Amino acid sequence: MEKGPAELVTILDFGSQYTQLIARRVRECQVYSEIVPYNAPLEEIKCRAPKALILSGGPASVTSSGAPALEKEIFHLGIPILGICYGMQLMARLLGGKVRAALKREYGRAELFIKEKSPLFAGLEEKMPVWMSHGDRVMSLPPGFTALGYSANSPIAAMGDERKGFYGLQFHPEVMHTPKGATIIDNFLKKIAGCSPEWTMHSFIKRTEEEIKERVGKEKVICALSGGVDSSVLALLLHKIIGGQLTAIFVDNGLLRAHEAEEVKNRFKNLYHINLILVDARSRFLEKLKGVESPEEKRKIIGAEFIRIFEKEAKNIGRVRFLAQGTLYPDVIESRSPTGGPSSTIKTHHNVGGLPQDMHFELIEPFKFLFKDEVRKVGEELGLPREIVWRHPFPGPGLAVRIIGEVTEERLRIIREAERILDEEIKKGGLYDKVWQAFAVLLPVRTVGVMGDERTYENVIALRAVTSRDGMTADWATLPYEVIARISNSITSEVRGVNRVVYDVSSKPPSTIEWE
């Protein structure tokens with residue numbers, strides 16, 4: 001993990017898929033946060049000297065045998081502690097309260113009623129919507145605690161020991177579905193823990209420059225450049241730090257958007273004057289993916305092939321010790337727990353779980369603990385144009401994971417043309433900056449249609465558009481019907497082999513943004 005500023009908040013991870021959102025919300029308050037596993041040794045936590053601790057939620061029940069627990073001494077560190085959901089229940093149990101399975105589980109939207117004044121709820125109304133997700137509840141408070149709030153199903157939905165700075169929330173303040181959650185977290189950080197707003201992308205860039213210069217020295221670095229937001233910002237940042245020691249490698253794997261290779265060459269070689277190598281590996285990737293339908297297999301094949309190409313190109317450059325990647329925190333969280341914590345794997349990302357074990361490079365991943373919008377802010381600090389910084393996310397495995405099933409040249413043609421039309425219509429409608437991501441998916445089914453008075457039996461395209469702040473949670477975008485109609489009509493008219501278009505109306509969770 002990259003070195004943070006002197007002042008930090010440590011989040012103990014009990015396996016919630018929302019743990020990284022807690023970290024994100026803390027950083028939005030301009031306070032640096034880090035995630036460590038719940039079972040990290042107490043001495044390790046002491047060495048980090050956090051200003052405060054946050055105990056995350058998790059899938060377990062504190063009443064179950066073998067449930068994740070803490071050393072009780074953690075409550076003797078003399079610093080404020082906030083427990084969220086499972087974290088609150090564990091705090092209550094360890095400090096002498098009682099937790100039981102609720103007769104009625106509480107999932108989704110609820111109303112929180114604040115019954116006691118507290119710095120945790122400073123500036124908030126006495127009633128507010130919150131997001132619940134629990135099956136247990138606190139039945140009796142630990143000594144020294146006061147019930148601060150309740151919901152219809154949870155008599156103790158918030159608790160606090162103001163003297164010690166210990167607080168618990170049964171709901172999730174970190175998710176967007178708790179509209180005032182950011183204020184609650186900010187109150188904990190500033191009013192209770194006394195944190196200062198020092199974490200900015202300007203300070204991140206400065207620290208990263210120092211760390212990379214110290215680590216790299218005079219060694220050569222290659223950067224995996226895809227043309228997307230993350231790798232583009234990374235390439236420019238590294239060019240700023242180490243100049244000619246950097247060589248960016250762009251691999252045309254045949255899984256890219258229309259005109260991607262030409263745009264990357266014009267931008268990075270001709271405009272920013274970065275050492276750039278373009279590799280045409282279209283036939284190589286298609287051959288490796290032949291007959292492969294599993295998305296996990298696709299990711300691993302693509303990740304391994306990228307590395308083999310980078311190794312081959314590195315030999316032509318000379319001795320290259322480092323490979324730089326634009327890996328983000330969500331990539332790592334969804335592939336595996338980066339800290340050894342109990343979070344489950346959602347899907348392997350090609351640049352995380354897909355890397356071969358015998359790779360000959362040391363990785364440089366400055367963004368490994370940043371979220372997408374933080375990387376965008378880094379790009380803005382570096383002066384990258386808006387069309388790059390605010391470009392929609394594009395998966396590392398490219399169109400391979402937007403084709404459900406086998407990847408072939410014909411199926412790539414269909415999805416590429418459909419995506420081009422979708423992108424053009426979204427921009428024409430003035431909607432590009434209003435959605436987080438919009439893309440097409442080629443489904444592994446064919447349906448009957450009628451075109452030119454003749455029966456057809458052709459492919460189905462699914463359209464997907466979502467709104468989000470960081471990609472960790474997302475809602476499906478309510479695009480205007482007339483825009484969806486234009487996209488559908490254009491795709492079925494212009495893309496040979498498609499006779500049906502559908503629209504995806506699922507959110508994350510329970511779905512992921514990408515289909516594979």
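N253 touches A281, R282, F285 and F306, leaving out residues up to four places away in sequence; contact here means heavy atoms within 4.5 Å. N253 sits in the loop between strand 11 (246-252) and helix 7 (260-271), where helices (H or I, at least four residues) and strands (E, at least two) are DSSP runs numbered from the N terminus. With a relative accessible area of 1%, N253 is buried. Buried means under 20% relative accessible area, exposed over 50%, and partly exposed in between (1.4 Å probe, protein chains only). A polar atom of the N253 side chain lies 2.9 Å from the backbone nitrogen of L255.

This is a predicted model, in which local features need pLDDT of at least 70 and side-chain atom pairs count only at pLDDT 80 or more, while totals for chains, interfaces and linings use all residues. Residues are numbered from 1 along each chain as its sequence is written, and side-chain values use heavy atoms, with hydrogens and water left out.

The largest nonpolar core has 51 residues, of which V251, F310, I461 and I491 touch the most other members. Such a core is a set of buried Ala, Val, Leu, Ile, Met, Phe, Trp, Tyr and Cys residues joined through side-chain atoms within 4.5 Å. Beyond its neighbours within four places in sequence, I461 has contacts that include I414, I415, A418, I491 and R500.

Helix 6 (residues 229-242) and helix 11 (residues 372-382) have axes that come within 10 Å and cross at roughly 40°. That makes helix 6 oblique to helix 11; angles under 35 degrees count as roughly parallel, over 145 as roughly antiparallel, 65 to 115 as roughly perpendicular and the rest as oblique. The axes are lines fitted to C-alpha atoms, for helices over the stretch in contact, with angles from 0 to 180 degrees between N-to-C directions. From helix 6, V229, D230, V233, L236, L237 and K240 meet K372, V375, R376, V378, G379 and L382 of helix 11.

Helix 1 (residues 19-28) is mostly covered, with 9 of its 10 residues buried. Q30 is in the loop between helix 1 and strand 2 (32-37) and is partly exposed at 34% relative accessible area.

Most residues other than glycine have a negative phi, and most peptide bonds are trans. Q30, not a glycine, has a positive phi of about 65°. H273 has a positive phi near 55°; H273 lies in the loop between helix 7 and strand 12 (276-280) and counts as exposed at 58% relative accessibility. A cis peptide bond joins K508 and P509, with omega about -15°, and the bond from P509 to P510 is cis too, with omega near 10°.

Conventions:
A polar contact is a pair of N or O atoms within 3.5 Å; within protein, one must be able to donate a hydrogen and the other to accept it, and residues adjacent in sequence count only if both atoms are side-chain atoms.
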